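Please look at how the chains of this model come together, and then at the open spaces around them. The structure is shown here for reference.

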Amino acid sequence: SAKWDKTKLDSLVQNSKVVVFMKGVPAQPMCGFSNAVVQVLRMHGVDEYDSHNILDDEDLRSEMKVYSNWPTFPQVYVGGELLGGCDIIMQLHQNGELIEELTKVGIRS
Amino acid sequence: KMADMKSIVETKLTEEFSPVHLDVTDITAEKCDTSFNVIIVSDKFTGKPLLQRHRMVNSCLEEELKSIHAFTMKTLTPEQWEKQKT
């Protein structure tokens, strides 16, 4: 759609070191998977990040699926690149690699 | 109908990944709609980052994922699987 073209989505995912597209907002996630991602980020001391509530914007929801070539939410972008959804974030958290990914963009957890 | 979906998912993943180990768990009862947990152990994941592994599974099950409400996966190499078991 015209509302969210590739250029706009590029700047959206690059606007902050960490950008999360989720159901609900960090203070009130509307889905267990989105909540898990919020909790993991909090555990790593990532307090300042952009979040977008895809339940509030049906265009963003459908455009992000295409842009990311990723079928589900949440979607976590780090350094402008898709890091993954809930499963990947959880696995990276458990095996210690999430710290490395955050360090790459200058976030020390 | 649900049993059908489970066997479709199993068949497709088996054909695509020739897994050393495959565990498809139907967790629909815990959720409000068709939901699965999948553990898939395949040599095809060796040398590939997590994002790419998940993309491989997503594209293998592209059609099915449209009608699955929740789908969580663990994608492991045989080496990682052995390590996890011990």
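The model is predicted, and every value below is computed from it. The contact between the chains draws on 12 residues from chain B and 13 residues from chain A, and the area buried between chain B and chain A comes to about 1000 Å², with carbon and sulfur atoms giving 63% of that area. On the side of chain B, Leu50(B), Leu51(B) and Arg55(B) supply 47% of the area that this chain buries against chain A, more than any other three residues.

As for specific interactions, the count of salt bridges between chain B and chain A is 0, whereas 3 residue pairs, both members at pLDDT 80 or more, are in polar contact between them. Two elements of chain B, α2 (50-60) and β3 (70-76), each supply at least two residues of the side that touches chain A, and the largest share of that side, 6 residues, comes from β3(B). By class, the residues on this side of chain B divide into 5 nonpolar, 4 polar and 3 charged.

The largest pocket has a volume of about 930 Å³, and of the 31 residues that line it, Trp70(A), Pro71(A), Thr72(A), Phe73(A) and Leu65(B) are the closest to its centre. The elements that give two or more residues to this lining are, in chain A, α2 (32-43), α3 (58-68) and α4 (86-94), together with α2, α3 (62-65) and β3 of chain B. The lining of the largest pocket divides into 14 nonpolar, 9 polar and 8 charged residues.

The second largest pocket holds about 590 Å³ of space, and among the 26 residues that line it, those nearest its centre are Leu92(A), Asn95(A), Glu97(A), Pro49(B) and Leu50(B). Here the elements that give two or more residues to the lining are β6 (81-84), α4 and α5 (97-104) of chain A, along with α2, β3 and α4 (78-85) of chain B. The largest share of this lining, 5 residues, comes from α2(B), and by class the lining of the second largest pocket has 10 nonpolar, 8 polar and 8 charged residues.

Leu50(B) links these two parts of the account: this residue is one of the three that supply 47% of the area chain B buries against chain A, and Leu50(B) is also among the residues nearest the centre of the second largest pocket.

How values were computed: Residues are numbered from 1 along each chain as its sequence is written. Chains are lettered from A and ligands numbered from 1 in the order in which they are written. This is a predicted model: local features need pLDDT of at least 70, side-chain atom pairs count only at pLDDT 80 or more; totals for chains, interfaces and linings use all residues. Side-chain values use heavy atoms; hydrogens and water are left out. Contact means heavy atoms within 4.5 Å. Buried area is the accessible area (1.4 Å probe) that two parts lose on being put together, summed over both. A salt bridge is a side-chain nitrogen of Lys or Arg within 4 Å of a carboxyl oxygen of Asp or Glu. A polar contact is a pair of N or O atoms within 3.5 Å; within protein, one must be able to donate a hydrogen and the other to accept it, and residues adjacent in sequence count only if both atoms are side-chain atoms. Helices (H or I, at least four residues) and strands (E, at least two) are DSSP runs, numbered from the N terminus. Ala, Val, Leu, Ile, Met, Phe, Trp, Tyr, Cys and Pro count as nonpolar, Asp, Glu, Lys and Arg as charged, and the others, Gly among them, as polar. On a 1 Å grid over the protein atoms alone, a cavity is a set of points where a 1.4 Å probe fits but cannot get out, and a pocket is an open set with protein on both sides within 12 Å along at least five of seven lines; lining residues have an atom within 4 Å of a point. Grid points are joined across faces, edges and corners, and a volume is the space filled by probe spheres set on the points.
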